[in-house]
Amino acid sequence: MTRALPPALAHLALPVIAAPLFIISNPDLVIAQCKAGVVGSFPALNARPAHVLDEWLTRIETELADHNARHPERPAAPFAVNQIVHRSNERLAHDLEVCARHRVPITITSLGAREEVNRTAHDYGGIVLHDVINATFARKALDKGADGLILVAAGAGGHAGAVSPFALVAEVRAFFDGPVALSGAIATGDAVLAAQAMGADFAYVGSAFIATAEANARDGHKQMIVEGSATDIVYTDFFSGVLANFLRGSIVRAGLDPDNLPRGERAKMNIGGDEARVWRDIWSAGHGIGAVKEVVPAAGVVARLAREYRAARARLGLAP
């Protein structure tokens, strides 16, 4: 890469940032991702109740420091914490204080850009990456002090955008030369290299890490990803009020027709006698799941991506 990157992102084993997965990302997954050489991350809101966030960060820091002491030749990658900065997040002030105390190296912000959140990270030397779905939001995030951008393009899991990754990267690179990660159906090493070829510095990988031993996802969710493909993804705002990608099978399991979702007031969905909850029972994934063939440890996902990445570079005559 010719662009200068912040020290926290400059020496990864593979140019990959693991996306923070609501409910699913936990210390086991983050630690495994970081030890494998990619940035591991989790949403602060996954640590419940609020005091658990301090415990999670202490454990992650301790285990990664121990790994680094035992393996100085291959130190762990840094980790990131995702903060939902929307005004409705009543935990934000608490979670920011805890993360500042632990000097979390990378903060990923979502659902709004706020200068005071960026200042909090900058005050202790951290960096902030803000996720956006278009160039307009990208400009706003940079104006408010974000250090880098995560471009959530069409095909990403969760709250995905609708813009082609080719167009989105090109539009953002027209005015920003800082750190950029690209999200959207990236589940192979070839796609990681393609993201770089388009102008991104990193691939932002989420769905492939759902089907891992460490992930706090239900077995049915993991298996549905293993058995699924891009045609099994439904893009709808019915469940969360914001356009997002969900697994067709989980919608059917909830007693709904994914091709004819009700409009207006949300229908009741009963699974096992309980009203279904978005994310817990209506499962998310992105278009890249066809590349996921089995449930493996997170280190296995990184190893596969690395093999494919090296092979893709070799096919193009690039240095390893």
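At what angle do helix α7 and helix α10 pack, and how far apart are their axes? In this predicted model, α7, spanning residues 189–198, packs against α10, spanning residues 298–315, at an angle of about 60°, and the two axes lie 6 Å apart. Because angles of 65 to 115 degrees count as roughly perpendicular and those under 35 as roughly parallel, α7 is oblique to α10. The crossing of these two helices is right-handed.

From α7, the residues taking part are G189, D190, V192, L193 and Q196. On the α10 side they meet L305, E308, Y309, A312, R313 and R315. By residue class, the contact of α7 with α10 comprises five nonpolar, two polar and four charged residues.

A search of the whole structure finds one cavity of 30 Å³ or more, and the space in the largest cavity amounts to about 50 Å³. Its lining is formed by Q83, L96, C99, A100, T107, V117, T120, A121 and Y124. Two or more of the lining residues come from each of the elements α3 (92–102) and α4 (115–123).

Terms used:
Residues numbered from 1 in each chain as written. Predicted model: local features only at pLDDT ≥ 70, side-chain atom pairs only at ≥ 80, totals over all residues. Heavy atoms only, no water. 1 Å grid on protein atoms, 1.4 Å probe; cavity = no way out; pocket = protein on both sides within 12 Å on 5 of 7 lines; lining within 4 Å. Points joined across faces, edges and corners; volume = space filled by probe spheres on them. Helix = DSSP H or I, 4+ residues; strand = E, 2+ residues; numbered from the N terminus. Axes fitted to C-alpha atoms, helices over the stretch in contact; angles between N-to-C directions. Parallel < 35°, antiparallel > 145°, perpendicular 65-115°, else oblique. Left-handed = near helix turned anticlockwise from the far one by under 90°. Contact = heavy atoms within 4.5 Å. Nonpolar A, V, L, I, M, F, W, Y, C, P; charged D, E, K, R; others polar.
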